[in-house]
Amino acid sequence: MALTSSDETDLLLPLYSGAHEASRFATFLERLRRRTQAVHAGLIFRQGDVPMHEATEIFAGLDLKAEARRHDLADVFILDRLPYDQLRPGRTYAISEFTDHDPAYKALRKTYAARIGIVDERIVRIVVGDGTSAWLLIASSQECTARDSALLSALAPHIAI
């Protein structure tokens with residue numbers, strides 16, 4: 001999917017200036033969240049071998065970790081079995097692609113998603129360099145569309161910059 005001139009104005013300009021905002025990337029993430037009609041849009045940054053549940057995450061919308069704790073489901077992040085480092089950079093994945101082969105984790109994720117109102121999630125890995133990895137994700141209360149996935153993939157190289 002090629003980004004339109006509207007995308008450049010609405011998403012890329014806030015992305016490029018996002019590192020200088022008081023709440024880093026807040027405008028970009030909020031606009032992405034609204035654009036995809038997601039309840040959560042987030043950027044995860046990790047340097048080195050830090051466990052994913054301890055990585056830096058900035059987001060707009062619903063605080064997924066707080067909601068998981070509120071529903072006594074914080075283990076969903078600690079037991080997270082997604083192969084984050086093995087995701088092909090720039091390709092958008094549905095979270096369900098990683099849970100179908102693991103019945104125990106699938107059941108935990110299903111309970112988590114149902115309690116906080118998440119129907120679908122998409123994630124794309126971004127290679128930043130200098131030992132830093134990043135992931136852009138959205139979580140939605142409805143099925144994500146192919147257009148949503150294409151948008152995340154199109155944004156990945158811009159986030160890498």
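1. Basis. The model is predicted: local features need pLDDT of at least 70, side-chain atom pairs count only at pLDDT 80 or more, and totals for chains, interfaces and linings use all residues. Residues are numbered from 1 along each chain as its sequence is written, and side-chain values use heavy atoms, without hydrogens or water.

2. A pocket is an open set of points on a 1 Å grid over the protein atoms alone, where a 1.4 Å probe fits, with protein on both sides within 12 Å along at least five of seven lines. Lining residues have an atom within 4 Å of a point. The largest pocket has 13 of them, with Ser-96, Thr-99, Ala-113, Val-119 and Glu-121 nearest its centre.

3. Largest pocket, elements and classes. Helix H5 (96-99), helix H6 (103-116) and strand S4 (120-129) each give two or more lining residues. H6 gives the most, with four. Helices (H or I, at least four residues) and strands (E, at least two) are DSSP runs, numbered from the N terminus. The lining has seven charged (Asp, Glu, Lys, Arg), four nonpolar (Ala, Val, Leu, Ile, Met, Phe, Trp, Tyr, Cys, Pro) and two polar residues (the others, Gly among them).

4. Second largest pocket. Helix H1 (5-17), strand S1 (40-47) and helix H7 (146-160) each supply two or more. H7 gives the most, with three. By class, eleven are nonpolar, one is polar and one is charged.
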